[in-house]
Amino acid sequence: MQLPYLLINTALFIQIVSAVGINDQVEPDIDYGTFQDPSSNVRPRFRYWVNDASINPSVVAEDVKAIGKAGAGGLELLGYYLYGDSQNLGGQLQCPLQSDWTIFGFGSPAWKNLVDTVLTTAKEYDLLVDLAIGPNQGAGVPAPYNDDGLLWDLAGFNSTFSNEKGFDGIIPGWGAGPLVAAVTAQVSSTGPSNGTYKVLVESSLLDVTNLVSSNGHLQVKANHTAEGSEHLLFVYYLIHSEYRETQSPADVPAAVPQSPVTTYAQNGSWVVDHFSPQGALAVVDFWRQSLLDSETGTLIREVGNYLWEDSQEYTVSTFWTPRLQEVFQANRGYSINRFIPILIGSGGGSTPEITYVTDELDAGASHTMDYQQTLTELNADYLTSLTQWSNDLGIQFSAQVVYNLPMDMLANIPYVNGPECETLGFSDNIDSYRQFAGPAHLAGKRIITNEAGAMIDSVYQESIPELLWTLKRSFAGSVNQFVLHGYPTSGNYGNTTWPGFTTFSYLFSEMHGPRQPAFAYYKDWLDWLSRTQFVEQTGIPKVDIAFWSKSTSYKTVPTIYSPVDLQSAGYSYEYLSPDNFVLPGAYVSNGTFAPNQQAFKALVVRANETLTASGVAKLAEYAHSKLPIIFSGGLPSNFSGYNPEAARLAVNTIKNLTSLSNVHTVPYDNLAATLNSLNILPRTSVSANRTWYTTWRHDTATLTEYVYVYNDAAGVPYGGGISSGSISFETTGTPFLYDAWTGNITALSIYKKSETHVTIPLTLAGNQSVIIGFHKDSQPSLHLQNTTDGVLSAAGNSTSLAILRSFDQQSRNVYLSNGKSVTLAPMLTPTTTLGNWTLIVESWTAPSDIYNVELGPTRTNHTFELPTLLPWNQVSASLNNVSGIGYYSTTFDWPPEATNDTVSGAIIDLGPIVHTARVSVNGHVLPPGEITWAKWDIGHLLQRGQNTVEVVVTTPLGNVLRTYWDELETSGKLASAVVSSPPDVADYGLVAPVKIIPYREDQVA
């Protein structure tokens, strides 16, 4: 890696601000706060979209303050700049500029002032700030035209020539740029060639670059002859891609006059070279010249968390960089030049008129893999350079590593401090997250972050349960930090109507902030998220099984292991590229792989996997160190890249390993049963009627084990998917429930303990998650060893135990941990459903001037009497297009009439919540509750006689926006021009029956 110039420039800044180090490893020495009240360091953040630097600083400061008040730990500052105002998505999102970008562009004095405002306000309210390294998606910065640090491409030309005459003349395209390669080839006369697909004879490929004269003349004969064959000359030149991260204000429509562009800093931003340190240097130089002074540098050191880059969504014809040929030759052992014809078009920017392949058995795929592997290695230099520079500034670097591009994502994840994925790009796929998590965990990364909540065609419609579903699935895949997508600036903006500036022109959700009726209640679920992150960032992750996974292209992140048997049995698993085996933690001790990280119990290599020479050498080392190696479905023979001798050696090495007693070749099907038969057991053995996911964290300081359990109900209508079962945990610690909704930590009183395991019965709503902590040194209380119908819960201490018993007409036997058994008498007081509700709907509509967003919504109250609960659109036709806040109230008498049983208290059960709900009983506000199954013990709040229940619910804005859909505008772009139809009518309000479940407290010991 070439870094001297980069380090010199960084040193100029280090003279002003000394670095304070990084905290990217597990178990860092930073302030976590407490489980009850996590610190900003472990709370989620919002992606804060600032349209451009014309936004009033006072609006920015209020937004930052509101983000903190809502319960977030900070924000990710991104200069949105109208999504670059480019032709992304066919240009349908392009909006006319509403400010003078020559004055208010990224990196301008106005932008620097905005950054300082964000940092200063964040410091005042104890928040953290991530800073995008560039506008739009952070992939580039302003730079001089054709700067050597900008993204490169190849310009390709070709011509035909005859067998007899060969080629004699000026090569095609001469002068387009520096010559990269000239190659002659013969089209196969036997291959399946046609007008758009041609097979080249591999043996005919000839690199004639050194035969091209200084004036572009080439004289060459046909390299190979066959009657009727076609001969081609391919010529490639190095050019800049000229891919814009943001357009120049001189080149796009504008609603306000734009000042003349007189400097490169005013001329928009270019995507930088992501395959060299020079690309990083372009970023460094611009920041040093335009954004970093002593004041900003100090603020960054104090409240900065990450410098950050979004997903790679730029395209070229063919990804290239000036050093690619040199690095390819050094690392692959042969020249890439002969095979450039089969690589053209791999950058996704355009589809070649003709696709070329070779007549090799794999059609040349091995050479493409070698090219992609080389890109991977070059991209690692870029990431390492930005990480190093960020760390020198006293901040970390985060990036959405590789995916969308033809490289090995898993290989490069370790090269950043905070690897980030996303719910949209990963399609909420737990298997995809496991691919991302494996290398990060092996590298000891404390954080796997996720850009969360983007959904297409769902803007102003995304419910909180929908959002939490994506977060819970992410947790199940070992993501442990979220950046919520997103929070747009809340003030007025040119040609923008209420409810406010809306990114992506109403295409992608969500627009969080005070514009949402629910925002005043966000703290309920943001605290839940913060506490869950607190646990998931504590200690070291432990995982049962590692899968070998080698791919040199991650344009998508598909499911690798599709059977559900491992998951159903409770096995956790992650994926590793053999490239990750160079990490310090990748070794075997006592038959365990990565003992100080995931502590894998076995490594699985599937028959369809791709081998590498270095990976197989490590595999042999692990096998001889007694790690169980499982070849699933047979022995693999695919090899990454072109190296026939290394491929033969790898295959032979694999065959020789099968003689070891700890190496097993097994069928592909029923892998979980096979592992079980080999006594390779999961840390969490699950027995349930639905799929439960678990993650495991081990705190080396306290020896506490934390397990996150999630009952996934994907594909099930909301409110369904309830599941009962049990989990046997590979620990003997005393179990405690960590309630992330309330922050309470309580000892569990229903479980069974053996010499090696603790088994706990659970009933979980669809999409419900729970956290169980096992305390090593805590003395267990007296507890039940089983549960049965009619047992709501139990609570005990060292000498006593009480059971809450709900309606059940039979006697039941329960068994205590002291060896005694108790027969519970029937409980005959039934559950009742509350009715006769009064509903006051606070309807939010547009302000009197729909373009004056700062007026806030017009609020109007409407009252309804409801014998039973129904969605608002079924209560009255007048509520079809209404959004806002609903205030419900009713009463019930206590104790219930006509009961001969003793009644001690009651549970109130609201079922699943549609968006948010805040509940009060007799004037006492209940703590937040699990949104998928909202229920509370209200026994201590009940009074004899009449009792009052009040519920405040909120809604998204989707229904009310139906009324205004053809009027809604953001930065001069009509919502209907992008999303033609308004949102469908959604069910709002309390939609499930609210039940009162009486219970009797039985003192059983």
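These legends walk through several close-ups of one predicted model. Local features here need pLDDT of at least 70, side-chain atom pairs count only at pLDDT 80 or more, and totals for chains, interfaces and linings use all residues. Residues are numbered from 1 along each chain as its sequence is written, and side-chain values use heavy atoms, with hydrogens and water left out.

**View 1. Eight strands close into a barrel.** The barrel has 8 strands in the order β1-β2-β3-β14-β16-β17-β18-β19, with parallel pairing. The twist averages 30 degrees from one strand to the next. Strands (E, at least two residues) and helices (H or I, at least four) are DSSP runs, numbered from the N terminus, and two strands pair if DSSP finds at least two bridges between them. Take β16 (residues 396-399) and β17 (residues 418-422): they run parallel, joined by 2 bridges. Look for S398 opposite G418 in β17.

View 2. Helix α2 (residues 57-69) touches β1 (45-50), β2 (74-79) and β19 (481-488), where contact means heavy atoms within 4.5 Å. The direction of α2 makes about 165 degrees with that of β1. Helix α4 (residues 109-124) lies across β1, β2 and β3 (128-132), at about 175 degrees to β2. For these angles, axes are lines fitted to C-alpha atoms (for helices, over the stretch in contact), and values run from 0 to 180 degrees between N-to-C directions.

**View 3. Two helices cross.** Here α7 (residues 324-332) meets α8 (residues 365-392) at an angle of about 110 degrees, with the axes 10 Å apart. That makes α7 and α8 roughly perpendicular, a label for angles of 65 to 115 degrees (under 35 is roughly parallel, over 145 roughly antiparallel, the rest oblique). Among the residues that meet are L324 and F328 in α7, and Y371 and L375 in α8.

**View 4. Y506 and W965 make an edge-to-face pair.** Their ring centres are 5.7 Å apart, with 80 degrees between the planes. Rings of Phe, Tyr and Trp (its six-membered ring) pair if their centres lie within 6.5 Å; planes under 30 degrees apart are stacked, over 60 edge-to-face, and the rest tilted. Y506 sits in the loop between β19 and α12 (522-536) and W965 in the loop between α18 (958-964) and β52 (969-970), so the pair ties together parts 459 residues apart in sequence. Both Y506 and W965 are buried (under 20% relative accessible area with a 1.4 Å probe, protein chains only; exposed is over 50%, partly exposed in between).
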